[in-house]
Amino acid sequence: MRPIALCAIVALLAIFIITLATAPNSTYLNTRQDLAAANLRHTTSATTPPVATQIDNLRHRIDQLERLLAARQPESLTPLQPALPRASNRNRRRRSDLFDDGAAAVVAATAASTATAASSPAVVSAPTHAVPRSASTLAAALGPERLAPPAPPSSVPNASWWSPMQTQLPGGLWCPKPPEYAAAKPELRLVASPPTDKPVLTEALARKFASPDNMLIVTYVNYHRLDFAFTLVKHLVSLSNPHYLVGALDDEAGRGLQEKGVPTFFMNSGLTTQDYGWGTKNFRQLGLHKVDLVLALAKTGVDCLTIDADAFILRDPFPYFRKLAEADVLTSSDHLRSDYGYEDDGLEGNQGMSSAFNIGYIFIRAKALPFVQQWRDTCHRRPNDWDQVLFMSVLKQSGARTNGGSRLRDMFKLPDGGHLKVGVLPVSLFASGHTHFVTRMAHQAHTIPYMVHTTFQYGGAQGKRHRLRESMIWEDLPEYYAGPKFLRYDADLPYDLVYPKGGEVRPDGTQELSNHMSVEQHFTLVNHQLVQLRNAFALARELGRILILPRLVCGLDRWWAPHKNVIPGSAAQLPLVDCPADHVIDVERMGKPELFLRESSFLCNPRLPAAVRGGIVSVGLDPIGVADAGAAELGAGLIASLAANGAKVLSITSPLVDYRVLLNGAKRKEFERTISSWGGLWCCKSPPGGRGPGHIWYDFLNDIVPHVDRHNRKWDAPWSPTMGP
Ligand SMILES: *[C@@H]1O[C@H](CO)[C@@H](O)[C@H](O)[C@H]1NC(C)=O
């Protein structure tokens with residue numbers, strides 16, 4: 001099945017389920033309160049499942065389809081960086097290149113791990129990692145600071161950011177002050193003699209890496225997502241928290257982790273120990289791997305934070321858990337509002353408790369073993385149900401009682417008659433892909449979250465990487481930042497397109513929600529940006545440069561199902577003046593977007609070598625119209641003169657020229673085919689007449705009459721928002 005077809009199925013399914021859920025009056029659910037009310041209405045009927053369950057099921061289906069999609073797309077299965085060796089053999093060869101002086105390397109590695117152990121609050125008996133922890137290196141690397149000036153009149157303000165300050169970065173550029181987690185970190189070096197064994201998860205292993213007060217962080221990863229694990233580990237190393245283990249879903253992943261000194265256990269090795277071991281033939285479904293892992297961890301007796309590979313740690317969570325010593329289970333959630341405000345770092349309240357839990361980040365004390373056992377057994381008995389939904393229903397089976405003034409709830413009756421104390425982590429600080437990148441809760445509160453999970457995102461693994469790059473969380477290899485050569489441009493972003501209804505604009509660029517624009521106005525705004533992007537991609541292609549994206553601005557939010565402007569129940573404000581690129585560009589379809597583009601925050605990322613930032617050269621272009629006499633020759637002359645400019649970063653400060661001036665004949669046709677496939681889709685509003693898909697595809701050629709779009713539809717008249725396919 002083609003990915004497009006899968007997307008269409010997802011959209012159709014979404015519309016179908018939402019339509020079902022809202023029948024018969026077919027108004028869409030607008031808020032969590034509506035959801036809860038609808039839920040109540042529906043629970044009185046014996047035949048219709050509650051709306052919340054239907055939506056959970058929908059999310060589950062989308063999740064399954066996403067996995068299917070990922071499994072079918074070869075490009076999303078290849079490792080990200082072209083430089084990342086594909087096979088461990090090549091890795092080994094490279095290692096011997098790097099460590100010609102083997103003895104020196106061993107000494108360095110040993111010294112480094114000793115330093116790590118000695119300087120961390122809890123001394124780990126075993127050498128955990130052959131990488132020195134980075135002290136707070138960021139401050140030293142930054143230049144002078146100043147309060148960010150207000151946006152000039154009639155210009156679109158920058159989005160909220162964790163700090164109100166600007167910093168001058170090496171190379172001279174003034175940038176929003178980068179967060180500490182964006183500091184350049186030492187590479188995870190290949191260790192001189194990696195272990196050749198295949199350790200499995202045992203009580204001894206868990207206890208060896210747990211903190212003295214018995215806490216441990218565990219994630220798990222397959223070979224194709226190793227770069228996710230390396231990013232997590234680099235953050236943990238720089239946070240000086242050595243109490244983690246990374247489970248390897250396949251042997252290649254295990255070897256890749258061992259080669260970089262990451263403490264690992266093999267999950268599919270077939271070597272199991274009776275009580276705690278992994279690798280039995282029981283793992284029929286990926287979902288069950290995790291459930292079994294959480295059970296195995298609970299049985300080791302450690303209090304374990306289990307996180308999905310696409311969730312990242314930006315602040316050491318242990319002090320937070322220590323303050324909640326009486327909590328037995330803490331979970332992140334898909335709740336889209338904060339019950340007590342973004343500044344409040346306590347647990348969520350009643351609303352958070354009734355939203356879907358998200359088990360991509362769960363802290364479970366060993367005491368909760370009876371619950372974990374029952375959850376695991378239920379998952380195996382009902383393999384078609386979503387583990388996450390079962391997690392919540394098993395926890396809640398004996399209700400959820402408040403206790404005193406605490407935000408913890410008494411749930412799940414233990415054999416001794418007591419209850420587990422359960423809490424929902426605050427959604428601003430233990431964030432989803434929506435609360436962090438779209439609502440920007442932590443940024444609004446001028447703080448750094450403990451955790452960001454790349455959920456609510458639309459571009460598969462590449463979309464996740466891209467969002468993490470935009471927010472400077474992702475850890476790329478040095479060659480990503482060093483380039484070959486780059487192109488950037490000053491985007492034209494007319495104030496009237498961003499705020500077509502007028503009205504007050506807040507300092508973070510958002511407006512009263514009631515001022516939100518229409519679907520047509522949203523497309524007028526995005527199309528204006530897509531045309532510039534297209535022309536810039538054409539120029540970059542001709543110059544052999546990588547395009548640094550401008551920030552994108554979206555008028556409306558995106559979701560998997562019809563909505564009126566933001567996701568139902570969301571606290572997001574519009575417009576999105578730092579719109580995640582995966583809302584608009586199909587980065588997954590690009591295969592390896594790293595070959596073509598860089599994220600909008602690229603030049604302000606402290607990981608960038610100063611020489612790149614210092615190598616920005618501004619150029620203005622003479623206007624050349626498509627219909628001008630000799631346009632093709634003028635275009636060729638323009639390319640020749642720009643190609644002679646050796647600047648590391650070529651910065652175009654005038655309007656761009658149209659791609660048809662730069663490209664002709666077969667080259668133009670080929671470019672049109674490629675660029676039209678890079679447009680994503682906007683989802684969605686209810687289709688007229690209630691039939692067919694409700695989404696609208698973005699079109700990089702929207703201003704060209706006639707043209708053919710991504711789906712081979714011919715446009716003979718000016719483009720207008722059109723639903724489907
Ligand atoms: C907005 O951000 C850009 C770069 O991301 C920066 O150059 C500019 O100074 C910022 N503007 C304000 C008003 O802070």
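Trainee: Which helices are included in what covers the buried residues of H25?
Mentor: This is a predicted model, where local features need pLDDT of at least 70, side-chain atom pairs count only at pLDDT 80 or more, and totals for chains, interfaces and linings use all residues. Numbering runs from 1 along each chain as its sequence is written, and side-chain values use heavy atoms, leaving out hydrogens and water. Buried here means under 20% relative accessible area with a 1.4 Å probe, protein chains only, and helices are DSSP runs (H or I, at least four residues) numbered from the N terminus. The cover, with contact meaning heavy atoms within 4.5 Å, includes helix H21 (519-543) and helix H24 (659-662).

Trainee: And which residues of H25 are buried?
Mentor: Look along residues 665-677 of that helix. The buried ones are Phe671, Ile675, Ser676 and Ser677.

Trainee: How far apart are the end C-alpha atoms of H25?
Mentor: The expected span is 1.5 Å times one less than the number of residues, so 13 residues should give 18 Å. The model agrees, with the end C-alpha atoms at 19 Å.

Trainee: How many residues of H10 are buried?
Mentor: Helix H10 covers residues 251-259 and is mostly covered. Among its buried residues are Arg255, Leu257 and Glu259. Just after H10, Gly261 has a positive phi of about 75°. The buried count for H10 is seven of nine.

Trainee: By class, what lines the largest cavity?
Mentor: Nonpolar means Ala, Val, Leu, Ile, Met, Phe, Trp, Tyr, Cys and Pro, charged means Asp, Glu, Lys and Arg, and the others, Gly among them, are polar. The lining comes to nine nonpolar, five polar and three charged residues.

Technical notes:
Helix = DSSP H or I, 4+ residues; strand = E, 2+ residues; numbered from the N terminus. Buried < 20%, exposed > 50% of the residue type's maximum accessible area, 1.4 Å probe, protein only.
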